[in-house]
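Here is a short report for a reader new to this structure. It starts with one contact and then widens the view.

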Amino acid sequence: MRPRSLITALVGGLLGAALLSPAPASASVVDVNCALGTQVGTYSPGMTLLPRHIDFHATGTLGGCVSPSHPGITGATFTSLVSGTFSCLAGSTTNTSTYHWNTGHSSTVQGGFEVNLKPGGTTVLVLTGTVVDGLFRGATVVQTKVLPATDLTACLTPQGLTSVSGTVTFTALL
C-alpha cells in the first residue's frame, strides 16, 4: 500500500470511529441562545479609578433567541443587581439577574463576573452563573456584555462614571 493511501485509510478509520463513538455523558447542550441584546445600567456611587463599594442596577432586552426545548422563546427582558467593590479599571463581584421570557416564564440567575477594561475604554463583562429558579433551572449561563464608556473622563471625577449601555448576548447550557 502506498504511503498516501495508508494515511487516507488511517484518517478515514479514525474519523469513522469518532463519529460512531457516543458523546460523553457530561457534554453540555445549549438550551437557549440569544444573539441580540442591549442593556442600560447605573452605578451608585459612580465608578472611579479607585476601588470602592458600588451598587449597579441594569435593565435590558434579549432578542433573536432560539431554544430547542422551548421553541416559543424569541426574547426576554431582564434586570441585574450587583453589589461589590470595583473601579473603572477592574473588579469582580457576584450578581443576581432575572430574565422574563416572552412566553411568560422567568429565570433567576446567580453568579459572578469580572470587569475587564479594554483599549478605548470599552468594558467587557463575562458573567457566568447558574439558573437557581424558574425555567432552565440548573443550567449554566454565560452572558457577555460589551459596554463602551462614552465619558471616560468621568472616572477621574469624585462623582465617577454613573451610567453605561451596550450590547449583550446570552447562552444557557444544560
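## A threonine and its surroundings

In this predicted model, a polar atom of the Thr 93 side chain lies 2.9 Å from the backbone oxygen of Ser 83. Thr 93 sits in strand E4, which covers residues 90-101. Is Thr 93 buried or exposed? Its relative accessibility is 12%. Buried means under 20% relative accessible area, so Thr 93 counts as buried.

Which residues does Thr 93 contact, leaving aside neighbours within four places in sequence? They are Val 82, Ser 83, Gly 84, Phe 86, Gly 111, Gly 112 and Phe 113.

## The whole protein

Step back to the overall plan. The protein has one helix and eight strands. Starting at the N terminus, the elements run α-β-β-β-β-β-β-β-β.

The protein has 174 residues, and 37% of them count as buried. Its accessible surface comes to about 9400 Å². Carbon and sulfur atoms hold 64% of that surface. Take the contacts with a separation of 6 or more: 54% of them join residues 24 or more positions apart.

Strand E7 spans residues 140-148. In a regular strand, side chains alternate between the two faces of the sheet. The covered face of E7 carries Val 141, Gln 143, Lys 145 and Leu 147. The uncovered face carries Thr 140, Val 142, Thr 144, Val 146 and Pro 148.

Which strands pair with E7? Strand E6, residues 122-134, pairs with E7 in the antiparallel sense over nine bridges. Within that pairing, Thr 128 stands opposite Val 142. Strand E8, residues 161-173, also runs antiparallel to E7, and seven bridges join the two. Here Gln 143 has Phe 170 as its bridge partner.

## The turn between E6 and E7

E6 and E7 form a hairpin with five residues between them. Phe 136 is in the turn. Most residues other than glycine have a negative phi. Phe 136 is not a glycine, yet its phi is positive, about 70°. Phe 136 is buried, with a relative accessible area of 7%.

How many salt bridges does a search of the whole structure find? It finds one. Side chains of opposite charge can pair when their charged atoms come close. Asp 133 forms a salt bridge with Arg 137, and the closest N and O atoms are 3.5 Å apart. Asp 133 is partly exposed, at 45% relative accessibility. Arg 137 is exposed, with a relative accessible area of 58%.

## A buried serine in a loop

Ser 67 lies in the loop between strand E2 (52-66) and strand E3 (76-86). Is Ser 67 buried or exposed? The cut-off for buried is under 20%, and Ser 67 has a relative accessible area of 5%, so Ser 67 is buried.

The Ser 67 side chain reaches the backbone nitrogen of His 70 at 3.1 Å. Not counting residues up to four places away in sequence, Ser 67 touches Asp 31, Val 32, Ile 73 and Phe 136. Phe 136 is the residue with the positive phi in the E6-E7 hairpin turn.

## A cis bond and a surface patch

Most peptide bonds are trans. The bond from Ser 44 to Pro 45 is cis, with omega near -10°. Pro 45 lies in strand E1, residues 30-47.

On the surface, Leu 49, Leu 89 and Leu 156 form a nonpolar patch. Together they have about 290 Å² of accessible area. Where is Leu 156 found? It is in the loop between E7 and E8. Leu 156 counts as exposed because its relative accessibility is 63%, and exposed means over 50%.

Terms used:
Residues numbered from 1 in each chain as written. Predicted model: local features only at pLDDT ≥ 70, side-chain atom pairs only at ≥ 80, totals over all residues. Heavy atoms only, no water. Buried < 20%, exposed > 50% of the residue type's maximum accessible area, 1.4 Å probe, protein only. Helix = DSSP H or I, 4+ residues; strand = E, 2+ residues; numbered from the N terminus. Pairing = 2+ DSSP bridges. Contact = heavy atoms within 4.5 Å. Areas by Shrake-Rupley, 256 points an atom, 1.4 Å probe, with all protein chains shown as cover. Polar contact = N/O pair within 3.5 Å; in protein donor to acceptor, adjacent residues only side chain to side chain. Patch = residues over 30% accessible without salt bridge, like charges linked within 9 Å, V, L, I, M, F, W, Y side chains within 5 Å. Salt bridge = Lys/Arg side-chain N within 4 Å of Asp/Glu carboxyl O.
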